[in-house]
Amino acid sequence: MPDVFIVADNILSPIGSTTAENFLKLTENISGVQLHNDTALSDEPFYASLFDRSQQFIKDSGNISYTRFEQLLIASVGNALENSGINTADKKTVLIISTTKGNISLLENNPFDRALQKRIALHTSAKSVAAHFGFVNLPLVVSNACISGLLGIITGKRLIRSGQYENAVIVGADVISKFILSGFQAFQAISPEPCKPFDSERKGINLGEGAATVILSSNTKYSNGIKVMGGAVSNDANHISAPSRTGDELAHIIKTALNDSFLSATDISLISAHGTATMYNDEMEAKAITSAGLQSVPVNSLKGYYGHTLGAAGLIESIISIRSLKENLVLPTKGFEKMDMETPVNISNKPHRIPLQNCLKTASGFGGCNAAVIFSK
C-alpha cells in the first residue's frame, strides 16, 4: 500500500488564521475561550471560543451567497491549497467535508420549506465549496458526531490507499448557534467556567468555532516529513449521548490503529486526547489509554484553548499534533492542575521538549462512535 503524506494544512480559529499563528498562540498559552454575553445564543452568559459576529472570512463572490459555515470552509481550504501544488481539477483529487451541524442555524430564523430544506442539506454546501475551487469529482461529506474530523482523515487515507485517488483535501468546520448551545445546555454539559480537561474539578465543556484543512497525498514529491500511518473507527451504539463507562471500545480502536500502523504501544510518544472536560468522557478516555498500555505516554487535550469545535475538532487537534511532532514539543492541557481518577494517566500540565516520533490522536462521540489516527515522522 502507498504511503500517505501530509502535504499542507490550515487552522482558522478565533486565535489565528493559519496553522503557524495558532501554534504560536498555544506556545504562549493564549486561549480563544472567553466569557460571552450574547442573548442571540443564550439567555445566560457562557464561556466559548467564538469568532466576532461581524467577521468576514472571504470576499464577496458576485452573485453567489455563502453562509458563515461555507465561508469558513472556503477560507481554510484556500489557505491550505495556496502553494501546495495540488490541482483541484485533477480527477485523482477528492474533497472531503467534515461537520456535525453544517447550516442548521438557518432553521432558527427562516420558515422551513423545500428551499430551506435543500439549502441546509450538507451536500448543498459540499457542492458549493467544491465548485468554488473547481474540484471535478463529487465531494464526500462525513458527519458522525464528534469523531467527524478524524473520520474524514481516515476516509481520505483509505481512498488513497485503495488507489481510487492520489490526493485528498479534508476540511471540517462548525458554527455555534443557539440550537447547538441550547442542546448541550439541556444535557447540563456546559461548564460555568473555562473548561478543565482531566482535572479533578472539571465541570463540563466549552464550545468553540473553527475550521481546519488537511491535504493528503500518496505522491512522494509532496512529502513534508509527516505520514498518516494508520487509523480505525467504530460505532458501538453504546448510548445516545453518554460515553462508555469502561473505555473498552475506545481501547479496542486504539489497538486496531496501532496494528494498522504496524506499531506497538511502546512506539507512541504523544497522545492528543479528545479531552472534553466532562466527568465521564475524561474518565473513559483514561481507562481506554490505560487498557491500551499507554498510561505512561504524555497526554494533552486542546479543548482549553479552542473549546469543542465539533466537526473541526479532530482536524484542528491533529494539525497541532503534527506541528508538535515537528517541533518535538508537548503542549500543556490548559486548565489541568490535579488528577483524581480511578485510572490516572500522564497528563501534560506544562510545555516540555522531548523526542517525538509517533502521535496518537483519539476522539469519541455521541452514539458510541470512536476513532483513532496515528501520525509519524
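**View 1. An open sheet of three strands runs in the order 2-3-7, with mixed pairing.** Strand 2 (34-36) and strand 7 form the edges and have a single partner strand each, so one side of each lacks a neighbour in the sheet. Strand 2 pairs with strand 3 (residues 46-49) in the antiparallel sense, over three bridges. His-36 has Phe-46 in strand 3 as its bridge partner. Two strands pair if DSSP finds at least two bridges between them. Strands (E, at least two residues) and helices (H or I, at least four) are DSSP runs, numbered from the N terminus. This is a predicted model: local features need pLDDT of at least 70, side-chain atom pairs count only at pLDDT 80 or more, and totals for chains, interfaces and linings use all residues. Residues are numbered from 1 along each chain as its sequence is written, and side-chain values use heavy atoms, with hydrogens and water left out.

View 2. Domain 1 gives 65 residues to the contact and domain 2 gives 66 (contact means heavy atoms within 4.5 Å). Together the domains bury about 5200 Å², with 72% of it on carbon and sulfur atoms. In domain 1, the residues that lose the most area to domain 2 are Phe-23, Phe-198 and Arg-202, together 18% of what that side buries. Buried area is the accessible area (1.4 Å probe) that two parts lose on being put together, summed over both.

**View 3. Polar contacts cross the interface of domain 1 and domain 2.** The rule finds 20 such residue pairs, both residues at pLDDT 80 or more. A polar contact is a pair of N or O atoms within 3.5 Å; within protein, one must be able to donate a hydrogen and the other to accept it, and residues adjacent in sequence count only if both atoms are side-chain atoms. Elements giving two or more residues to the domain 1 side include helix 1 (19-27), helix 5 (148-161) and strand 8 (210-217). Helix 5 supplies the largest share, nine residues.

**View 4. Three salt bridges link domain 1 and domain 2.** A salt bridge is a side-chain nitrogen of Lys or Arg within 4 Å of a carboxyl oxygen of Asp or Glu. Arg-161 forms one with Asp-260, with the closest N and O atoms 3.9 Å apart.

**View 5. Asp-3 and Lys-227 meet in a salt bridge (3.1 Å, N to O).** Asp-3 lies in the segment before strand 1, and Lys-227 in strand 9 (residues 227-235), 224 residues apart.
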